[in-house]
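Colleague: Please take me through one part of this model up close. Keep it brisk.

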Amino acid sequence: MAETRTEALHQNAEGLDIQAPDAILSSLANAQIEAAKAVHGAISAIAKAAEIIASRLNNGGKLAYAAAGSSGLMALADALELPGTFGIQRDRIAILIAGGDDAFKTLAGGPEDDTDDASAAVAAAGIGDGDCLIAVSASGSTPYAVRAIEDARRRGAATIAIANNKDAPLLRLADIAILLETPPELIAGSTRMGAGTAQKVALNMLSTLAAIHLGHVHDGYMVNLMADNIKLRDRAARIVAAISGRDRDDAARLLEESGGGVKTAILLAAGAASADAAEKILEGTGQKLRPALSAIEGSMGQKASVLKAEPEKGQQGD
């Protein structure tokens, strides 16, 4: 086998196939936990990457994910949830997975070697100056992911690489290299396990921090969620109620008045004159709720000061 960490044999793998089921499952669980810990060594790189993603999205750019196989599934899961969780427009997210739509049925291995397909996918997505591409590969040498990052960089996009092997080609090509140095897999080379777990954790951290930079999170609440079903409409009302201090029915009314905008509804509860006025305040604060609330509080405080300074009726000329 190749001398890479993702292909090496785990120290506890010997005799695995003849162990009791509980012992096997215990080893599998422990291996996943150990793999997840690898993200701690990448926190600094993830923080830098999140800042780049937020900047590109904030300036109108797109965010693309490029990967193959199990890494492609990790990237896909992160990308598909960004609109619903954080309200990022779907047309600002591009998913480039080796094999295209067929990958969702078979996840065949051959397409990960198709560099022409990677180039075509980058071009079709229109990735270029002002955009950002994240390439994910456990080995860090998957031809599809490598070509995608090469083409994206040549077109002027910012590039982020996530890989599980040190000194991998993918990491050397990227503007920001996120190394997740996971232990060898309990099933040698089965990177859908530990490596995939670490990738999912890192992607969760990366996209969540980017969303925080964009103002889509307030006190742990997803204040820019897309409420397009019963559960999420209820969640939106609970968020408005929790932050504004209003009751559930009042929060639902404010959400209706705001057209479903959670931030706008909260600002209405705080004293914004109208939904339009609330949205203008948000525009002025870069869509960030906390400074928008402070702006309303400051404005109301000034009005209160003016009223206190005016003489009461019947006292003029005293």
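Modeller: Contact here means heavy atoms within 4.5 Å. Helices (H or I, at least four residues) and strands (E, at least two) are DSSP runs, numbered from the N terminus. The model is predicted, so local features need pLDDT of at least 70, side-chain atom pairs count only at pLDDT 80 or more, and totals for chains, interfaces and linings use all residues. Residues are numbered from 1 along each chain as its sequence is written, and side-chain values use heavy atoms, with hydrogens and water left out.

A helix pair comes first. From α8, Arg233, Asp234, Ala236, Ala237, Val240 and Ala241 meet Arg248, Ala251, Ala252 and Leu255 of α9. Seven residues of this contact are nonpolar, three are charged and none is polar. (Nonpolar covers Ala, Val, Leu, Ile, Met, Phe, Trp, Tyr, Cys and Pro; charged covers Asp, Glu, Lys and Arg; the others, Gly among them, are polar.)

Now the sheet, with strand β1 as the part to study. β1 spans residues 63–67, and five of its five residues are buried, so the rest of the structure largely encloses this strand. (Buried is under 20% relative accessible area, with a 1.4 Å probe and protein chains only.) Both faces are covered. Leu63, Tyr65 and Ala67 lie on one side, Ala64 and Ala66 on the other.

β1 has two partners to look at. (Strands pair if DSSP finds at least two bridges between them.) Five bridges join β1 to β2, residues 93–97, in parallel. Ala64 stands opposite Ala94 of β2. β1 also pairs with β3, residues 132–137, parallel again and over five bridges. There, Ala67 stands opposite Val136.

β1, helix α3 (residues 69–86) and β2 form a right-handed β-α-β unit. (Right-handed: with the strands pointing away from the viewer, the path from the first strand over the helix to the second runs clockwise.)

Step back to the whole sheet. It is open, has five strands and runs β2-β1-β3-β4-β5, with parallel pairing. β2 and β5 (176–179) stand at the edges with a single partner strand each, so one side of each has no neighbour in the sheet. Ala163 has Leu179 of β5 as its bridge partner.

Notes
Buried means under 20% relative accessible area, exposed over 50%, partly exposed in between (1.4 Å probe, protein chains only).
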